[in-house]
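Biologist: I am new to this structure. Please take me through a single part of it, slowly and closely.

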Amino acid sequence: MELVELLRDARAVVGFTGAGVSTESGIPDFRSPGGVWTRYDPRNFEFDRYVTDPEVRALSWEMRTEFFAEPWAPNRAHLAFARLEDAGRCLGVVTQNIDGLHQDAGSRTVVELHGTARRVMCIGHRPEYGTPAGCGWDAPHTWAFERLDAGEADPHCPRCEGLVKSSTVSFGQQLFPGVVDAASDLVRRADVLVVVGSSLQVYPAAALPMDAIDAGARLVIVNDEPTPFDGVADLVVRGRAGEVLGPVVDALLG
Ligand SMILES: [Zn+2]
């Protein structure tokens, strides 16, 4: 396979993954019909509404509870990057996903552009301009579920009584400080950037392939639909993430 040949001498692979890397784990793409996300009004996930409306917060926790009720597990695509990292041939992964499945697969270096659903954080009493302004307290997401189970609809920060929110980036929320720089630094150290399951259409995702190319990396795109970067990629593979990457890493590592 062409991808096996391209990766055979690579020693500093970096993965860049979007929703398409987790669909084989059963997690629906944000935009796909029928999924857990689409049964909720997207306006309820706007940062300002979360801040101002306790009912929106209660709905949001309901959605998180439903999300984590499913036994999501990493698939062959997540495992592929973890195995390459273990073998000393992958520097890490930048992901647009919040599901934590790269870490579950064993990846150690993971830059999460949109935060993580695996933790919750204090965002302060009345954060403005889409920017969390909490006291620094955070906890595993299970902290919130325990509060909810205990009968609280809208748990508050145990340290300062501020609002608590999933440590994810909502609509209308600024990205966390430093995360774009961390992603850019990582892809610039790649010898091959392997983009998987991202349509590469929104910032900052759309900036990272050019960062990598500018720094001398080759670009591979694995996606089931065209992306704006197909024309500048060294290789484009149409297909599902795990179906493509599983056999490739088997061939590389045996
Ligand atoms: Zn606090």
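Modeller: What follows is a look at the metal site, and then at the nonpolar cores. Keep in mind that this is a predicted model.

Start with the zinc ion. Four cysteines coordinate it through their SG atoms: C122, C135, C157 and C160. The distances run from 2.3 to 2.4 Å. The angles among the four donor atoms are 99 to 115 degrees, and the site is tetrahedral. Along the sequence, the donor residues follow the spacing C-x12-C-x21-C-x2-C.

C135 sits in the loop between β4 (115-124) and β5 (138-140). C160 sits in the loop between α6 (141-149) and β6 (163-168). The pair therefore ties together parts that are 25 residues apart in sequence.

Next, the nonpolar packing. The largest nonpolar core has 26 residues. L3, L7 and V194 have the most contacts inside this core. Several elements give two or more residues to the core, including α1 (2-8), α4 (76-86), β2 (90-95) and β7 (192-196). α9 (241-253) is also one of them. The largest share, six residues, comes from α9.

Beyond its neighbours within four places in sequence, L7 is in contact with V13, R89, V192, V194, V248 and L252. There is also a second, separate core of 21 residues. Among its members are V94, V187, L200 and L219.

Methods
Residues numbered from 1 in each chain as written. Predicted model: local features only at pLDDT ≥ 70, side-chain atom pairs only at ≥ 80, totals over all residues. Heavy atoms only, no water. Donors = N, O, S within 2.8 Å, 3.2 Å for Na, K, Ca; no water. Tetrahedral: all angles 85-135°; square planar, octahedral: opposite > 155°, others 65-115°. Helix = DSSP H or I, 4+ residues; strand = E, 2+ residues; numbered from the N terminus. Core = buried A, V, L, I, M, F, W, Y, C linked by side-chain atoms within 4.5 Å. Buried < 20%, exposed > 50% of the residue type's maximum accessible area, 1.4 Å probe, protein only. Contact = heavy atoms within 4.5 Å.
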